[in-house]
Amino acid sequence: MKLRRGALRAALALVLLPLLTPAGAVEPISLGLAIAGAAASALTGFISYPRLYCYFRECCLHQHDQRAAAALQENLDKKLFGQHLVSKVVVKAVRGFLNNTNAKKPLALSLHGWTGTGKNFVSKIVAESIYKRGLQSKYVHQFVATLHFPHAHSINLYKDQLQSWIRGNVSICPRSLFIFDEMDKMHAGLIDSIKPFLDYYELLDGVSYRQAIFIFLSNAGAEKITEVALDFWRNGRTREDIQLTHIQNALSVSVFNNKNSGFWHSTLIDRNLIDYFIPFLPLEYRHVKMCVRVEIESRGYTVDEDIVSRIADEMTYFPREERIYSDKGCKTVDAKLDYYYDF
């Protein structure tokens with residue numbers, strides 16, 4: 001017992017030494033000779049404490065599965081407005097997947113809706129719930145269609161690069177998270193190159209992809225989502241009455257047949273490899289005000305309801321007659337606040 005504690009203390013000192021020693025105070029080679037013996041004897045004891053090691057170094061699946069699911073629930077409840085379907089489905093899907101020790105395939109979520117309704121925000125929260133560094137984690141990988149895959153004539157090259165990138169990163173960390181933004185701007189056929197990784201294979205060339213998570217973000221299908229929401233509103237029903245069954249099938253068909261979508265006639269949809277098509281409802285005036293309040297508080301200011309109302313009033317709403325939904329959701333709230341506060 002004393003030996004293990006001694007090894008642990010030596011390993012801890014080894015980790016902390018670079019943080020406590022002024023830069024250049026010890027010549028690296030001399031330092032290496034001085035602590036080589038201690039490092040060798042401490043290493044075994046140190047790696048026997050994975051939680052301690054992960055305190056100092058980011059590890060694959062940094063947060064315990066149950067803690068990750070709890071953090072996801074808490075953050076969505078506090079920070080996401082007007083999206084009861086999103087909160088319910090995302091939490092259940094992610095929690096169930098993280099707690100499943102024998103998943104048959106990776107988790108694939110496709111988030112759809114107008115700009116500013118919270119798609120990027122939710123993908124950020126999912127990343128933060130699993131990895132402490134969130135989107136900055138080396139195990140979280142973002143792809144933006146117009147940035148990473150801009151040229152239609154290079155689609156075959158992109159397919160090869162995308163496959164290599166996913167294969168390499170899942171080999172390092174089985175619980176890798178991949179986020180594909182602007183799916184509505186991606187060249188049709190490109191995303192099908194990752195089909196083998198989302199399928200029900202136990203191993204592909206010795207690598208299992210069953211613990212990975214794939215999230216797709218797209219504006220495609222937003223018209224269908226608005227159509228359903230408006231129909232409920234015009235019939236005197238609340239948005240909270242909308243259930244996933246009212247939209248999901250129509251949404252997947254709409255995206256599949258949209259020639260301007262990266263999912264156009266995609267095998268990912270045709271083979272039912274997308275687990276959930278999650279609709280983000282257009283945001284109403286009251287939701288915009290909620291966004292404004294939270295943003296003001298996040299900047300450390302006292303909420304001024306006059307400013308909240310003025311910013312919400314400055315937004316444009318649709319349809320033209322009813323003016324129910326913000327055409328930019330909460331996307332421009334941050335910029336508008338800069339006008340009212342002297343930062």
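This is a predicted model: local features need pLDDT of at least 70, side-chain atom pairs count only at pLDDT 80 or more; totals for chains, interfaces and linings use all residues.
A polar atom of the Ser 326 side chain lies 2.9 Å from the backbone oxygen of Gly 329. When neighbours within four places in sequence are left aside, the residues in contact with Ser 326 are Leu 283, Val 288, Met 315, Thr 316, Tyr 317 and Phe 318.

The chain as a whole contains 15 helices and seven strands. It has 343 residues, of which 44% count as buried. Among contacts between residues at least 6 apart in sequence, 76% join residues that are at least 24 apart.

The largest pocket holds about 710 Å³ of space. Its lining is made up of 27 residues. Those nearest the centre of the pocket are Gly 116, Gly 118, Phe 121, Cys 330 and Lys 331. Four elements each supply at least two residues of this lining: helix H6 (119-130), strand E4 (213-218), helix H13 (285-298) and helix H15 (333-340). The largest share comes from H13, with four residues. By residue type, the lining of the largest pocket divides into 10 nonpolar, eight polar and nine charged residues.

Charged side chains were also examined for pairing across the structure. Side chains of opposite charge can pair when their charged atoms come close. A search of the whole structure finds 16 salt bridges. One of them joins the side chains of Asp 275 and Lys 105, with an N to O distance of 3.1 Å. Asp 275 lies in the loop between helix H12 (267-270) and strand E5 (276-279), and Lys 105 lies in the loop between helix H5 (84-99) and strand E1 (107-112), so this pair ties together parts that are 170 residues apart in sequence. Asp 275 has a relative accessible area of 28% and is partly exposed, whereas Lys 105, at 7%, is buried.

A salt bridge is also found between the side chains of Glu 128 and Lys 124, at 2.7 Å from N to O. Both residues lie in helix H6, where Glu 128 and Lys 124 are four residues apart, about one turn of the helix. Glu 128 is partly exposed, with a relative accessible area of 27%. Lys 124 likewise counts as partly exposed, at 33% relative accessibility. Helix H6 is also one of the elements that supply at least two residues of the lining of the largest pocket.

The side chains of Asp 199 and Lys 195 meet in a further salt bridge, with an N to O distance of 2.7 Å. Asp 199 counts as buried at 14% relative accessibility, and Lys 195 counts as buried at 16%.

Technical notes: Residues are numbered from 1 along each chain as its sequence is written. Side-chain values use heavy atoms; hydrogens and water are left out. On a 1 Å grid over the protein atoms alone, a cavity is a set of points where a 1.4 Å probe fits but cannot get out, and a pocket is an open set with protein on both sides within 12 Å along at least five of seven lines; lining residues have an atom within 4 Å of a point. Grid points are joined across faces, edges and corners, and a volume is the space filled by probe spheres set on the points. Ala, Val, Leu, Ile, Met, Phe, Trp, Tyr, Cys and Pro count as nonpolar, Asp, Glu, Lys and Arg as charged, and the others, Gly among them, as polar. A salt bridge is a side-chain nitrogen of Lys or Arg within 4 Å of a carboxyl oxygen of Asp or Glu. Buried means under 20% relative accessible area, exposed over 50%, partly exposed in between (1.4 Å probe, protein chains only). A polar contact is a pair of N or O atoms within 3.5 Å; within protein, one must be able to donate a hydrogen and the other to accept it, and residues adjacent in sequence count only if both atoms are side-chain atoms. Contact means heavy atoms within 4.5 Å.
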